[in-house]
Amino acid sequence: MGAVNPVAGDETEAEDVVWLRLDVAVAAAARREAARLARRVGMAPARVAEIELAATEAATNLQKHARDGALALRVITLRGRAALELLSVDSGPGMADVGSALTDGVSGSGTLGVGMGAIARFADVFDVHSLPGRGTALLARFWSGDDPGPFPGADEPEIAGLTRPISGEEVCGDTWAARTEHGPDGAPTVTVMMCDGLGHGPMAALAGERARAAFRAGSHRSPQDVVRTLHTELRGSRGAAITVARADFSRGTVEHCGVGNISAFVVSGGKRGTLLSLPGIVGHQLPALRSFRTALDPGAVLVLHSDGLSDRWSPADLPGLFTRRPAVVAAQLLGQAGVRRDDAGIVVARADRR
């Protein structure tokens, strides 16, 4: 696939994430961190109060119900607008009737009384996916300002990712970035990078940040050219496993080039197709690069993740997940397939559902 002559471009990339593990103080911590981030992006006091209540309810439901779980809080930006995003992930017991849980006044815990319905009502964007017996992923996004946020146009791809450091580390060596470009006809093409800096801790995170900065500064030609550029930029670092995929949703194709242990899939019709990667280390040992092209059917979802997630998941075991927003897909896959003994990172892209 040749390069697109972009007339506009939107960058999205990994954000700093505050992870709050499930413990006795998680509700207080969630309330405090949510308020801090909301004030940081200029939320009005009344909006901060709503966000505090939503974060408290999400944390309380985790505390009262979940076998294990965590909250992720972060600030995201799109087209000059900022939002606070709350993600809740747990390992069960899940909900058999999500609709009932979304009824205002019904609390999942039986204690707070405002329930998941209040979270949905307060949020500008809300989505949830639950697997009975296995776990739930919930998204609540609160845009700054008076408007409900810069929602994409009808033909825009949706892109979201999530990273989590290995237990005991504050920083994560996994990172991701994406850029949406529009050709002269307005058709969008999204180029996505998933990077796993070798090892853990600050040096792995430094390799990931260098890759992300180089991707951000690059001209976004073919995936093969992008990987070659990243190889040059990562010399002298620990190196990384990297996959770059360029998805043209309007034409139904994805071109990709990967080096190292990044898992990449196209999910469509309840099945997944694997995108091949070559052995090597970007920044150290680059193989003779090859790009591969794969069909991208209408409604298909592109998933790239590091080996901090097991690649043994199957769409058939996650009914309904790949119709949800990419942030929920990323959170649920991280919850279901993530391993604690490694950094974990995932990015998901799909054509807009509307």
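Entry 1, strand pairing. I began with strand β4 (residues 81-90) and found that 7 bridges join β4 to β6, the two strands running antiparallel. I note that I am reading a predicted model. For a point of reference across this pair, I located leucine 86, which stands opposite alanine 140 in β6.

I then turned to β5. Here too I found an antiparallel arrangement, with 7 bridges joining β5 to β6. In this pair I marked aspartate 127, which stands opposite leucine 139 in β6. I followed the chain between the two strands and recorded a hairpin with 3 residues between β5 and β6. Glycine 133 lies in that turn and has a positive phi of about 85°.

How many residues of strand β6 are buried? I found that 9 of the 9 residues in β6 (residues 135-143) are buried, so the strand is largely enclosed by the rest of the structure. I checked the two faces separately.

Entry 3, salt bridges. The structure holds 17 salt bridges, and I examined several of them.

In helix α1 (residues 26-40), I looked up glutamate 33 and arginine 36, which are 3 residues apart, about one turn of the helix. Their side chains meet in a salt bridge at 2.8 Å, N to O.

Next I recorded a salt bridge between aspartate 124 and arginine 47, with the closest N and O atoms 3.2 Å apart. Aspartate 124 lies in the loop between α4 (115-122) and β5 (125-131), and arginine 47 in helix α2 (residues 45-65), so this pair ties together parts that are 77 residues apart in sequence. I read 28% relative accessibility for aspartate 124, which therefore counts as partly exposed. Arginine 47, at 16%, counts as buried.

I also looked up glutamate 181 and arginine 179, whose side chains meet in a salt bridge at 3.5 Å, N to O. Both of these residues are buried.

Finally, I noted a network of salt bridges that links Glu13, Glu209, Arg212 and Arg216.

Notes:
Residues are numbered from 1 along each chain as its sequence is written. This is a predicted model: local features need pLDDT of at least 70, side-chain atom pairs count only at pLDDT 80 or more; totals for chains, interfaces and linings use all residues. Side-chain values use heavy atoms; hydrogens and water are left out. A salt bridge is a side-chain nitrogen of Lys or Arg within 4 Å of a carboxyl oxygen of Asp or Glu. Helices (H or I, at least four residues) and strands (E, at least two) are DSSP runs, numbered from the N terminus. Buried means under 20% relative accessible area, exposed over 50%, partly exposed in between (1.4 Å probe, protein chains only). Two strands pair if DSSP finds at least two bridges between them.
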